[in-house]
Amino acid sequence: MTAIASAAGATPALLAAHDLHVSFDGRHGRVHAVRGVSLRVHPGEVLAVVGESGSGKSTLARALMGMVPVRQGTLALGGEPVPLSASARSLAQRRQVGMVFQDSAAAFDPRFTIERILREPIELLARDAQRRQSAAAAPTALLDAVGLSANVLSRRPHELSGGQRQRVGIARALAGEPQLLICDEAVSALDVSVQAQILNLLVDLQNERGLALLFITHDLSVVSYIADRIAVMYHGELMETGEVHQVLDRPAHAYTRELLAAGL
Ligand SMILES: Nc1ncnc2c1ncn2[C@@H]1O[C@H](COP(=O)(O)OP(=O)(O)OP(=O)(O)O)[C@@H](O)[C@H]1O
């Protein structure tokens, strides 16, 4: 099934994916993890992607970033087609879209200082002749944007709290000055009080910078708090999309009703 997650009206999409398919060949045969998903994310909006474990949410996010091979489909960013071939530079490499993981710190080299961790993407981008970096991408400015002071620069990841590390993960994702952040369970591993702080930070970034968020979550209260629209995945397909209140109050699909009854 191909469903299009699009808001009504003719707002140009920031990200438009069409008919994406991803499969993995493993010991137990082929897993068709994403099956013909089409969706749009509009500038400045928050699209929550929900679905049970194994429904393909993370694979979809990675496919959008170019972090897993896409078997079929098209992707456009700001109306410009993005090549999805294995040899093409992915959105992850171009950093036009930032990604925040459940455990962003797992990607940090534990031997590196936070300054070095933040400088790495900045320097990669500086080598890219097509991108001009502004002062907003300096390590101190990135830390400032996520509510951390410059004295964090000389520390190593293990010297920070979980919430501080996730803030550094967000700062790193902001290095390319993206218009879209893909957040894959970005607050799930944090204590509840820290979750609220990180959610508020993401909402502030959305408001201040007009950032759009594609927000993968299992948490219904997070969906209600943060999202404008919801996309519901099941077995790799996009079953239903719509405005938050519409999907929460009048889910069209039986699977969505079950998911909501179970609290996602
Ligand atoms: N690298 C991989 N190799 C083989 N199979 C994979 C790989 N990544 C994901 N899968 C399979 O693809 C399917 C979708 O997984 P995915 O992690 O995208 O689901 P999810 O909805 O994000 O789950 P969760 O909520 O538990 O994170 C699952 O069957 C999973 O086992």
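Phe24, Gly26, Val31, Ala33, Gly51, Ser53, Gly54, Ser55, Gly56, Lys57, Ser58 and Thr59 surround the ligand (a residue counts as near a molecule if its C-beta atom, placed from the backbone, lies within 6 Å of it). Keep in mind that this is a predicted model: local features need pLDDT of at least 70, side-chain atom pairs count only at pLDDT 80 or more, and totals for chains, interfaces and linings use all residues. Residues are numbered from 1 along each chain as its sequence is written.

**The ligand shell**
- Sort the shell residues by type and you get three nonpolar, eight polar and one charged (Ala, Val, Leu, Ile, Met, Phe, Trp, Tyr, Cys and Pro count as nonpolar, Asp, Glu, Lys and Arg as charged, and the others, Gly among them, as polar).
- H1 gives the most, with three residues.

**Helix H1**
- Nine of the nine residues of H1 are buried (20 or more other C-beta atoms within 10 Å of a residue's own, placed from the backbone; 12 or fewer makes it exposed, and in between is partly exposed).

**Helix H6**
- H6 (residues 192-209) has 18 residues and reaches 26 Å from its first C-alpha to its last, close to the 26 Å expected (1.5 Å times one less than the number of residues).
- Its buried residues are Ile198, Leu199 and Leu202.
- They sit on the same side of H6 because they cover an arc of only 100° around the axis, going by the directions from the helix axis to the C-beta atoms.
- On the face turned away from that buried side, you'll find exposed Ser193, Asn207 and Glu208.
- The buried residues of H6 pack against helix H5 (162-173), strand S8 (180-184), strand S9 (212-216) and helix H7 (220-226); contact means C-beta atoms, placed from the backbone, within 7 Å.

**The nonpolar core**
- The largest nonpolar core has 75 residues, and Leu64 and Phe215 are among those touching the most other members (a core is a set of buried Ala, Val, Leu, Ile, Met, Phe, Trp, Tyr and Cys residues joined through C-beta atoms within 7 Å).
- Leaving out residues up to four places away in sequence, Phe215 touches Val46, Leu47, Ala48, Val49, Cys183, Ile226 and Ala227.

Terms used: Helices (H or I, at least four residues) and strands (E, at least two) are DSSP runs, numbered from the N terminus. Two residues are in contact if their C-beta atoms, placed from the backbone, lie within 7 Å.
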